[in-house]
Amino acid sequence: FVVVQTPFGRCALHVDAVDGIVDLPDADINREFNLTKGVKDEFIFGVGKAGDKLVVLLEPEYLIPDNLQ
């Protein structure tokens with residue numbers, strides 16, 4: 001599980017795996033991206049680079065069902 005803080009409180013998200021924890025400075029997060037080519041992508045907060053890895057940051061509020069908000 002990954003616990004996230006949202007405006008509605010803490011929520012635990014069930015995930016398949018966690019590969020590590022990365023601390024990305026705001027300057028290393030790109031909010032202007034085009035990964036989905038026309039598909040709705042509100043669930044993506046941004047894209048960052050950690051060393052040689054591309055990190056996709058998800059927006060937790062779009063992952064939590066409406067009835068829990």
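In this predicted model, Glu59 is found in the loop that lies between strand E5 and helix H1. Glu59 is buried, yet this residue has no salt bridge. The nearest side chain of opposite charge belongs to Arg31, and the distance to it is 5.1 Å. A salt bridge requires a side-chain nitrogen of Lys or Arg within 4 Å of a carboxyl oxygen of Asp or Glu. When residues up to four places away in sequence are not counted, Glu59 touches Glu42, Phe43, Ile44 and Phe45.

Phe43 has its place in the loop between strand E3 (29-30) and strand E4 (44-50). With a relative accessible area of 33%, Phe43 is partly exposed, because partly exposed residues lie between the limits of 20% for buried and 50% for exposed. Together with Val56, Leu58, Tyr62 and Leu63, Phe43 forms a nonpolar patch on the surface, and the accessible area of these residues together is about 450 Å². Strand E5 (53-58) supplies at least two residues of the nonpolar patch, and so does helix H1 (60-63).

A further loop, between strand E2 (9-13) and E3, holds Asp19. The relative accessible area of Asp19 is 73%, and Asp19 is therefore exposed, the limit for this class being over 50%. The side chain of Asp19 makes a polar contact with the side chain of Lys53, at 3.4 Å. Asp19 is thus an exposed residue, whereas Glu59 is a buried one.

Notes: Residues are numbered from 1 along each chain as its sequence is written. This is a predicted model: local features need pLDDT of at least 70, side-chain atom pairs count only at pLDDT 80 or more; totals for chains, interfaces and linings use all residues. Side-chain values use heavy atoms; hydrogens and water are left out. Patches are made of residues with over 30% relative accessible area and no salt bridge: like charges are joined within 9 Å, nonpolar side chains (Val, Leu, Ile, Met, Phe, Trp, Tyr) within 5 Å. Accessible areas come from the Shrake-Rupley method with a 1.4 Å probe; for residues, only the protein chains shown count as cover. Helices (H or I, at least four residues) and strands (E, at least two) are DSSP runs, numbered from the N terminus. Buried means under 20% relative accessible area, exposed over 50%, partly exposed in between (1.4 Å probe, protein chains only). A polar contact is a pair of N or O atoms within 3.5 Å; within protein, one must be able to donate a hydrogen and the other to accept it, and residues adjacent in sequence count only if both atoms are side-chain atoms. Lys and Arg count as positive and Asp and Glu as negative; His and the chain ends are not counted. Contact means heavy atoms within 4.5 Å.
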